[in-house]
Amino acid sequence: MSLLNEHSRHSRRDILKSSAVALLPLAIPSAKSSWQPQQPMTANGGTDPYPIPWLDKNGSHNQPAGPNLEPSHIYHFKGRVARCSTFTGMGSDNQGNRIAFGSPTTDYGVMQGEYWAARAPQQGTLTHI
Amino acid sequence: MTHVVPGPAAPDNQIHDFHPPIAPSGLYWVVPVPGDGLTISPDGSTFTLEMHNVSIVDQPRWPALDSIATPARMSFKMVWKSTGEPVKYEDASKHFRFTGTRAACQLEAHVEVPSIGFSWKSDPLSTSKSDFAIMGEEVNGRYYDG
């Protein structure tokens, strides 16, 4: 059987099917064609502050509050800071139940000033609550 | 973090544990303060932090890894007042230096967990107390040696 003879047995429907398959790559966006032109941009990381690199005893970036412990929660920082912990107090829920708040790990902090992120100085006020 | 605890202040007694989510960077429970959220007295001896409807979560079983976090919100006012007693903490190995004073700190807060119909409001600020508080200035990281 020659190729010519085989080819001659193709119907018009077969030819239309083949044509559609041949066009398929043009209809599906390839990785190359999905590349859109973009505005010039930097790639310096986000402006969110860095955590203190050292981990607490639980393996977390959660700095406990206390004497001789670092008050700030963010690294590469200079500015005002305040810290507190071990609260005690009372309150009421919406059912009128009297419920206390506070424990040795009930702690808060505030940091205001300059911190380093995205390879540049950033200004901000942040709180640990 | 804010604990609401019926009975003695102990982890086994806590029924609510409020804090912001941990950031993707690993930073624990830190959120930005709006421009007018922190007020500092002219002499620097009093810091007043006040925020409203801060998005937080309630994780009653914290620190269990599978502790469910329910969306909540918190409004609060916190006041640090310097006692004047100087304090300096420094650790060269950890690149930080804090210079300031001891302080007294008080808090009033209102938390809501809408999905379970729970809210809690503390008594007035003057009725609370903290056993440890400091305020001042700190440098750390790349600013430590500068």
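Me: In what order do the elements of chain A run from the N terminus on?
Reply: In this predicted model, chain A holds two helices and six strands. From the N terminus on, the order of these elements is α-α-β-β-β-β-β-β.

Me: Which pattern does chain B follow, read along the sequence?
Reply: The secondary structure of chain B comprises zero helices and nine strands. Its C-alpha trace spans about 50 × 35 × 35 Å along the principal axes. Read along the sequence, the pattern of chain B is β-β-β-β-β-β-β-β-β.

Me: What percentage of the residues of chain B count as buried?
Reply: For chain A, buried residues make up 33% of the 129 residues. Chain B has 146 residues, and the part of them that counts as buried is 37%.

Me: Among contacts in chain A between residues at least 6 apart in sequence, what percentage join residues at least 24 apart?
Reply: In chain B, residues 24 or more positions apart account for 52% of the contacts with a separation of 6 or more. For chain A, the contacts that join residues at least 24 apart, among those at least 6 apart, amount to 47%.

Me: Which strand of chain A gives the largest share of the side that touches chain B?
Reply: The contact takes 55 residues from chain A and 58 residues from chain B. On the side of chain A, two or more residues come from each of strand 1 (50-51), strand 2 (74-75), strand 3 (77-93), strand 4 (98-101), strand 5 (107-117) and strand 6 (120-128). The largest share, 17 residues, comes from strand 3 of chain A.

Me: How many charged residues are on the side of chain A that touches chain B?
Reply: The contact draws 55 residues from chain A. These divide into 22 nonpolar and 26 polar residues, and the charged ones number seven.

Me: Which residue of strand 9 of chain B stands opposite A:T88?
Reply: Strand 3 of chain A and strand 9 (residues 129-140) of chain B run antiparallel and are joined by 10 bridges. Within strand 9 of chain B, the residue opposite A:T88 is B:K129.

Me: In the turn between strand 7 and strand 8 of chain B, which residue has a positive phi?
Reply: Strand 7 and strand 8 of chain B form a hairpin with four residues between them. The turn residue with a positive phi, of about 65°, is B:G117.

Me: Over how many bridges do strand 6 and strand 7 of chain B pair?
Reply: Strand 6 of chain B and strand 7 (residues 96-113) of chain B pair in the antiparallel sense. B:M78 has B:L107 in strand 7 as its bridge partner. The hairpin of these strands has four residues between them, and B:H95 takes a positive phi near 55° there.

Me: Which residue in strand 6 of chain B is the bridge partner of B:E50?
Reply: Strand 5 (residues 46-58) and strand 6 (residues 70-91) of chain B run antiparallel, joined by 11 bridges. The bridge partner of B:E50 in strand 6 is B:K77.

Me: What is the pTM of the model?
Reply: Chain B has a mean pLDDT of 93, and 92% of its residues reach 70 or more. The model scores an ipTM of 0.92 and a pTM of 0.83.

Notes
Residues are numbered from 1 along each chain as its sequence is written. Chains are lettered from A and ligands numbered from 1 in the order in which they are written. This is a predicted model: local features need pLDDT of at least 70, side-chain atom pairs count only at pLDDT 80 or more; totals for chains, interfaces and linings use all residues. Two residues are in contact if their C-beta atoms, placed from the backbone, lie within 7 Å. Ala, Val, Leu, Ile, Met, Phe, Trp, Tyr, Cys and Pro count as nonpolar, Asp, Glu, Lys and Arg as charged, and the others, Gly among them, as polar. Two strands pair if DSSP finds at least two bridges between them. A residue is buried if 20 or more other C-beta atoms lie within 10 Å of its own, exposed if 12 or fewer, and partly exposed in between; C-beta atoms are placed from the backbone. pLDDT is the predictor's confidence in each residue, from 0 to 100.
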